[in-house]
Amino acid sequence: MKQTNSLKSLEASARDARSRAYAPYSNFQVGAALESDTGQIFTGCNVENISFGLTICAERNAVFAAIAAGVRKFRRIVVVADSKEPVTPCGACRQVLSEFADNMEIISINLQGQKYRAGLSDLLPRSKAGILDHPCST
Ligand code: THU
């Protein structure tokens with residue numbers, strides 16, 4: 001029997017991760033909670049760098065934590081930030097998520113509790129189409 005977590009508990013995990021964000025340059029803290037297909041939760045926060053391009057978003061850090069733990073199948077990700085509009089993952093994070101999930105649910109929540117829900121394939125259609133599909137690959 002596959003365990004599911006309540007949205008409330010995923011949100012709490014994302015908020016908790018957000019409290020550990022390292023964001024001294026943007027002052028925009030983000031937390032993410034990634035739920036595996038068996039109900040395990042992996043969290044991430046954004047980690048910035050003085051060389052700003054080295055910054056890693058909360059979502060990718062959650063994915064990398066899961067991969068390092070040997071988990072590669074995901075059901076949904078909850079993202080929490082203090083923004084007027086709930087924050088959806090950036091393009092880079094969408095592509096990284098799509099590496100491990102053809103479709104998964106993305107739930108963005110702001111500190112006021114407003115939610116935006118979408119399917120990953122709606123936010124990033126055709127994320128893998130044609131890539132590596134060249135005549136030399138058999
Ligand atoms: N950020 C995330 O961690 N996730 C998002 O979905 C949007 C942006 C971070 C990157 C950077 O540390 C800060 O938010 C401002 O862009």
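In this predicted model, a side-chain N or O atom of Glu-48 lies 2.5 Å from an oxygen atom of the ligand. This is a polar contact, a pair of N or O atoms within 3.5 Å; within protein, one must be able to donate a hydrogen and the other to accept it, and residues adjacent in sequence count only if both atoms are side-chain atoms. Asn-46 also places a polar side-chain atom 2.9 Å from a ligand oxygen. Ala-58 uses its backbone instead: a polar backbone atom is 3.0 Å from an oxygen atom of the ligand. On its own the ligand has 370 Å² of accessible area, and the protein covers 82% of that. Accessible areas come from the Shrake-Rupley method with a 1.4 Å probe; for residues, only the protein chains shown count as cover.

The residues around the ligand, those with a heavy atom within 4 Å of it, include Ser-26, Phe-28, Val-30, Asn-46, Glu-48 and Thr-55. Cys-57, Ala-58, Glu-59, Val-87, Thr-88 and Pro-89 also belong to this shell. By class, the shell holds 6 nonpolar, 4 polar and 2 charged residues. Here Ala, Val, Leu, Ile, Met, Phe, Trp, Tyr, Cys and Pro count as nonpolar, Asp, Glu, Lys and Arg as charged, and the others, Gly among them, as polar.

Val-30 also belongs to strand β1, where Val-30, Ala-32, Leu-34 and Ser-36 point one way and Gly-31, Ala-33 and Glu-35 the other way. Helices (H or I, at least four residues) and strands (E, at least two) are DSSP runs, numbered from the N terminus. In β1, 7 of 7 residues are buried. Buried means under 20% relative accessible area, exposed over 50%, and partly exposed in between (1.4 Å probe, protein chains only). Leu-34 counts as buried because its relative accessibility is 0%. Its C-alpha lies 9.2 Å from that of Ser-13, 21 residues away in sequence.

Strand β1 (residues 30-36) pairs with β2 (residues 41-45) in the antiparallel sense over 5 bridges. Two strands pair if DSSP finds at least two bridges between them. Ala-33 stands opposite Thr-43 in β2. The β1-β2 hairpin has 4 residues between its strands, and Gly-39 takes a positive phi near 95 degrees. β1 also runs antiparallel to β3, joined by 7 bridges. In that pairing, Ala-32 faces Val-79 of β3.

Strand β3 (residues 74-81) pairs with β4 in the parallel sense over 6 bridges. Ala-81 stands opposite Asn-110 in β4. The loop between β3 and α3 contains Ser-83. Ser-83 counts as buried, at 12% relative accessibility. The Ser-83 side chain reaches the backbone oxygen of Glu-85 at 2.6 Å.

Strand β4 (residues 105-110) has 5 of its 6 residues buried, so it is largely enclosed by the rest of the structure. β4 pairs with β5 (residues 115-119) in the antiparallel sense over 5 bridges. Ile-109 has Lys-115 of β5 as its bridge partner. The β4-β5 hairpin has 4 residues between the strands, and Gly-113 in the turn has a positive phi of about 90 degrees.

Residues are numbered from 1 along each chain as its sequence is written, and side-chain values use heavy atoms, with hydrogens and water left out. As the model is predicted, local features need pLDDT of at least 70 and side-chain atom pairs count only at pLDDT 80 or more, while totals for chains, interfaces and linings use all residues.
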